[in-house]
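These are my notebook entries on the structure shown below. I record what I looked up, entry by entry.

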Amino acid sequence: MITTLNQPHQKTAAALLRGITKSYKHFRLNNIDLEIEPGTVNGLIGPNGAGKSTIMRIMMGLVTPDQGTVSVLGHPISSREASAKQDIGYFSDDMRLYKSESIAFHFQFVRSLFPSWDEDYAQQLLKRFGLIAQQKVKGLSHGQRVKTMLLLILARRPKLLILDEPTNGLDPVAKQEVLSELMQIVNDETRTVLYSSHNTQDVEQISDTITFIDRGRVIASNNRDEFLESWRRFKLQAPHNWQAPAIDGLRPESTFGNLRVMTLDRYQAEVEDRLQSSGATLESSEAMTLEEIFVAAVLRGREEKQ
Amino acid sequence: MNSQAIQILFLKDLFLSRWPMFGYLVGGLLSVMITCLPGESADFIGFILMVTFTIAAGIHLIGVLLLAESLDMTRTFVMSLPVSLLDYSIAKISVVVVAFLIPWLGMLASLTVLIFVAPGAKPGVLAFLVLLFLFLLAGFCLQLVTAIVTESVGWTIVVVVLGNVLFNLFLKMLNEHPVISKLTKSEVLSWPPVALQIIAIEALVILVALGLAFMFQIRRRDLV
């Protein structure tokens, strides 16, 4: 399956993954195909251990896949390749700065590797995030550490941002500050963002396109609005021997006596009529939240795999 | 290969290791000064301190510059920058070796000066000391390759302990060798063939260990 994280058009993909497979002792990333269009914000949602971080590490050349090819911003990616990274800003929740050194030390170090470093913007962000350049990393709170790393990424004005769980463990205020900054960045249509999280609300807030990952496989991928429009939950009163009509993508979710709860991933206006005419009484037809869609998609994916 | 990136990484690591590097240099120089004090015990204490500082410098620098980078996940940060694995490997191995060589050379150079200027010093002892210092350098290179291959503090310490045991056996062997043992009392600096053969073996071990360290480092498939 080729997962295109946006509608295909003439532009070169910001990132292209083909047939990516990576096996670990207790986990396997399975034949991942992913295409990220330039100028889009893409959310990668999956439970912990789904493979989001591995995909991002492969895109950065930090992990070498067993099979498949990766190109980012038109450059083939491997640990031997450095040129693409000039235009990529990568953040990972488990990435660390040198704890005995100051924020200013990291500024100087990163600036020396990036001709694109924007000192004015760096100073603005420093102020906006409430950071002190002379402060040592070991004295920073988790939120300040995340902001420092984002500052080091954003001040070099990357074309592609790969953000692996950037809001993980942040308090609500710090989370909002980080998300606001990201919202400003994503308004710039020349930037492409790939953002992973297990928190659907964060991803929903900023993403154009969303991909669900579970157990090393892409289970669904779509434009955010289409995702929200195409998924529905129906509550039906139906007799014991009721047979659900054959509607593509309609699955039972739960049953309480005569009450049947069903979900559908390819909603069309005539579905309600078909359900009514099948002998059931439709009590409600509800739009689903992204979190509900995510859970339903994961459970369906697992069922299909079994 | 990007020589500018290598230089930046090298200087960054040299800066990060500045305190241990200069600390061991100062400790080593103080140990050399102790050998100038009157009495045979001063020589013995100074020598023991020099060896201790050299071994400690090796463990400490490998820990700070190599093992901590993978255990603390700072390598993920560095490798997210426009740096290839080749750039990283060249910079990393060079800086670890240079950071170790600063106190190592500081001690050896100050000993050399002392041997030639101090009244009553026997210049022949320099060849003996070079054999010992090269042994310590070879031991350090073996610790380096172990740290790179295993990324384990435990295995690196095992090699340090083995190196320490072998150093004592080596010292005993030199002291019991009919030609080498005479060097310590010789008024003239000389390099007998057996000493040159030992130096050649030590140089070979150093080169092979550094070659292996580099080879294993650039063949690494996963950096996190």
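How far apart do the C-alpha centres of domain 1 of chain A and domain 2 of chain A lie? I find them 39 Å apart.

**Entry 1: source and conventions.** The model is predicted, and I kept its limits in mind: local features need pLDDT of at least 70, side-chain atom pairs count only at pLDDT 80 or more, and totals for chains, interfaces and linings use all residues. Residues are numbered from 1 along each chain as its sequence is written, while chains are lettered from A and ligands numbered from 1 in the order in which they are written.

**Entry 2: chain A overall.** I looked up the domains, whose bounds come from an automatic or database domain assignment. Domain 1 of chain A covers 3–227 and domain 2 covers 232–287. I count nine helices and 15 strands in chain A; helices (H or I, at least four residues) and strands (E, at least two) are DSSP runs, numbered from the N terminus. Along the principal axes, the C-alpha atoms of chain A fill a box of roughly 70 × 40 × 40 Å.

I then checked burial. A residue is buried if 20 or more other C-beta atoms lie within 10 Å of its own, exposed if 12 or fewer, and partly exposed in between, with C-beta atoms placed from the backbone. By this rule, 42% of the 306 residues of chain A are buried.

**Entry 3: nonpolar cores.** I define a core as a set of buried Ala, Val, Leu, Ile, Met, Phe, Trp, Tyr and Cys residues joined through C-beta atoms within 7 Å. The largest has 130 residues, and those with the most contacts inside it are Ala15(A), Met59(A), Val72(A), Ile162(A), Val96(B) and Leu144(B). Helix H5 (residues 85–117) of chain B gives the largest share of this core, 13 residues. Domain 1 and domain 2 of chain A both give residues to this core, so it lies between them.

**Entry 4: the side of chain A that touches chain B.** I took two residues as in contact if their C-beta atoms, placed from the backbone, lie within 7 Å. On this basis 23 residues of chain A are in contact with 23 residues of chain B. Strand S7 (88–92) and helix H2 (103–113) of chain A each supply at least two residues of this side of chain A. H2(A) gives the most, with four residues.

**Entry 5: the open sheet.** Which order do the strands of the six-stranded open sheet have? I read S7-S8-S9-S4-S10-S11 (chain A), with mixed pairing; two strands pair if DSSP finds at least two bridges between them. S7 and strand S11 (217–223) of chain A stand at the edges, each with a single partner strand, so one side of each is left without a neighbour in the sheet.

S7(A) pairs with strand S8 (residues 160–164) of chain A in the parallel sense over five bridges. Phe91(A) stands opposite Leu163(A) in S8(A).

**Entry 6: positive phi.** I noted two residues other than glycine. Phi of Asn31(A) is near 50°, and Asn31(A) lies in strand S3 (residues 28–36) of chain A. Asn31(A) is partly exposed, with 15 other C-beta atoms within 10 Å. Arg215(A) also has a positive phi, of about 50°, and is found in the loop between S10 and S11 of chain A. Arg215(A) is partly exposed, with 18 other C-beta atoms within 10 Å.
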